[in-house]
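Dear colleague,

I am handing over the structure we spoke about, placed just below together with its sequence. After it you will find my notes on what came out of the analysis, which I would ask you to read alongside the coordinates.

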Amino acid sequence: MSMRRFKGQVLPAARQNNPIIHRPFQSTPDYYTKLIETYARDRELHPARLLHAHLITIGSARSTHLASKLIALYAACGQIAHARKVFDKIPQTNIRRWFALIGAYARCGFYQQAIDVFWEMQRKVSRPNKIVIPSVLKACGHLSDLKTGKKIHAVVLRFSFEFDAFVSSALIDMYSKNGRVEKAQQVFDMMVEKDLVALNAMVSGFAQHGLAREALRLVEKMQLLGLKPNLITWNSLVSGFSQKGDEALAYRIFNLMWVNGIEPDVVSWTSVISGFVHNFQNNKAFHTFKQMLSHGLCPTSNTISSLLPACAAVTDVKRGKEIHAYALAIGVEEDVYVRSALVDMYAKCGFIYDAKALFCKMSQKNTVTWNSMIFGYANHGYCNEAIELFNQMKMEDDKKLDYLTFMAVLTACCHAGMIELGESLFYLMQERHGIVPRLEHYACMVDLLGRAGKLTEAYDMIKAMPMEPDLFVWGALLGACRNYGNIDLAEVAAKHLSELEPESAGNNLLLSSLYADSGSWGNVARLKKMMMKNKLRKLPGRSWMEAA
DNA sequence: TTAGGGTTAG
C-alpha cells in the first residue's frame, strides 16, 4: 500500500485521521511502536486494524518487536482471537513470543487465557522462560485460583526460579490474594535480598488479612533495612485497614502520610472513602470526597463506584444524581462498575424505571449488574420481572450466576408466594450450578415455605441444615408461626432466638401476641414477668423520609 | 515480568 496512493483523494473519516497516511516519512519502527502504544492506551480498534494491515503490507508485521506490541494492542482492545493470530505468525523458535501473549493477557485482565497459554507453553517448550511466571501468578491471584498458583510454584521450584526477585514478589502476592498469608510469609522469609516490591506485597498481604500489627512492624523493619516506604506502601496500609473494617486506623495512617511528606493520590483518597462507606460512615465518606476535590484531585471510576453505595444506603437520590452527573462529566459513566453501582443506587432509592433504563442501555453487564437489577425488581414487588430477568441472565451466560443471583430470585419467589418455583430453583442452584446453599438461602427458603403455611416443611428444612441456623432463619419461622397460629413451633423458634439474641424483646413480644391470639393469658403473663425480670424492652423502630 | 483503590445480600 503506497502512501501516495491516497494523495488528492477524499478519504473516509477514519483514514483522514490516520497519522500513517499523513506522515509517511516518519514510518520508522520507533514511530510504529509509539503509534501502537497510543492505540492500545486509547483502545482504538479500527485504526489499529488499519495499522496492522499497513504493517503486513510493508512486511513489518512479523518483526518480533512490533508483533509483540500488536498482541498487547489487540489484548487491550479485547480482541483475543486477533492477538492469538499475531502470536502464531511469530517464528516458533522465538521464546519471548510466549511472554508477549501471556503478559498481554494478564495485563488486560484475561487471566484464564493467560493461564491456559502458560500450560500450552509448558507442553511445547522444554524449559519455560521465567519472565512469564509473574504474569501467570498475577492471574492466579486475580482468579483466586490457589490450585493453579501452587502448580506454578512447583514449576518455579523445579526450574530454580525462586531466587528471582520478580518471581518471589509475585508468589507473595499470589498467596496473599488467595488467603494464604502464612505461605506468603514463608516465601518472603526465604528471600535473601528483600526489595521494596516484595516488602510492599507482604505489607499488603498482612494489612488485607487484618494483621495490622504485623503490617506496621514490617514497615518499621523496612526502614531499618534502609528502604523508604513509598506511596504504594502507605496505600497498602490504608486500603488493607479500610477493607478489614478498621476505617479509623486507615484514616489515621492516611493523615500520617501528610506528616511524612507523602502526597496522597487518588488511590489513597478512594481507599479512605471506600473504608467509610463499608463501615456505614456515609457522611464522612461524602465529606472526604469533597476534601479530595478541594485538593484538586480528579476522581476515577473507582472513586465514583465506591461512593455510590453511600447514596444507596441512605436513599439519597439527589446526591446519587449529582454523582451520576459527575461521572458523566469526567467520562467514567460507561464503566461497568460505575453503571452497576448506579443501577443499584436508583433501584434502592425507589427509581426502578431509571435503574431499568440504565440497565437496558448497558452493552457490557457483569454478575453484579444483573444481580442489582433482579434484587431491585424483587424488593419492589416486581416479582415476575425479576424472574424473567433471571431467566434472561441464565440464557445469556449461565456462568455469571452466583449465590447472590439465587438470593435475588428466591427473594422474588418468596414475595410472590411462588413456592414450587422457589424449591426448584433451590435445587437447580445446587445440582446444576454447584452453588452450596448459605445461611441466607436457607433463611429465604424457610421464609418462602413459612409464608405459604408449610410450617412443618420449613422446620424440617431447618433441622436438615448443615450449619447452625441464625437469627434470620429462626426469625422467619417465628414470623410464619405468628401468621398461622402455630404455638408449638413458635416456642421452639423463640427459644433459639432468645439464645442467639438474649437482649432482644421483639421475639418475645411476637410470641406473646401469639399466646394472646389463642387466649393463652397465663403464658402472656409469664412472658411479661420474664421480660421485666430480665429488663427486656423493645427499642422503638426508626425510619426517615426525605422532604422535597 | 512483581507491590496500592471499585459495584450486588436477609
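Findings

The buried residues of α29 are Val473, Trp474, Ala476, Leu477, Leu478, Ala480 and Cys481, and just after the helix comes glycine 485, with a positive phi of about 65°.

Please keep in mind throughout that this is a predicted model. The average pLDDT of chain A is 89, with 87% of the residues scoring at least 70, but over residues 1-17 the pLDDT stays under 50, and for that stretch the model has 16 contacts beyond four places in sequence. Where pLDDT is low, the predicted coordinates should not be read in detail.

As for the overall make-up, chain A contains 32 helices and zero strands, and 46% of its 548 residues count as buried. Of the contacts in chain A between residues at least 6 apart in sequence, 57% join residues that are at least 24 apart.

Which residues of α24 are buried? They are Cys383, Ala386, Ile387, Leu389, Phe390 and Met393, and because they cover an arc of only 160° around the axis, they lie on the same side of α24. The face of α24 that is turned away from the buried side carries the exposed residues Asn384, Glu388, Met395 and Glu396, while the cover over the buried residues includes α22 (352-361), α23 (367-379), α25 (403-416) and α26 (419-431).

Turning to a pair of helices, α14 (residues 212-224) and α15 (residues 231-243) have axes that come within 11 Å of each other and cross at roughly 175°. Since angles over 145 degrees count as roughly antiparallel, α14 and α15 are therefore roughly antiparallel to each other. In the contact between them, Ala212, Ala215, Leu216, Val219 and Met222 of α14 meet Thr233, Leu237 and Phe241 of α15.

Serine 306 has its place in helix α19 (residues 301-313) and, at 15% relative accessibility, counts as buried, given that the cut-off for buried is under 20%. If its neighbours within four places in sequence are left aside, serine 306 is in contact with Thr270, Ser274 and Val277.

The other two serines call for a check of the backbone. Serine 144, in the loop between α9 (133-143) and α10 (146-158), has a phi near 50°, which is a positive value in a residue other than glycine. Serine 160, whose place is in the loop between α10 and α11 (165-177), likewise has a positive phi, of about 55°, although it is not a glycine, and at 47% relative accessibility serine 160 counts as partly exposed.

Methods: Residues numbered from 1 in each chain as written. Chains lettered and ligands numbered in written order. Predicted model: local features only at pLDDT ≥ 70, side-chain atom pairs only at ≥ 80, totals over all residues. Heavy atoms only, no water. pLDDT = per-residue confidence, 0-100. Contact = heavy atoms within 4.5 Å. Buried < 20%, exposed > 50% of the residue type's maximum accessible area, 1.4 Å probe, protein only. Helix = DSSP H or I, 4+ residues; strand = E, 2+ residues; numbered from the N terminus. Arc of directions from axis to C-beta. Axes fitted to C-alpha atoms, helices over the stretch in contact; angles between N-to-C directions. Parallel < 35°, antiparallel > 145°, perpendicular 65-115°, else oblique.
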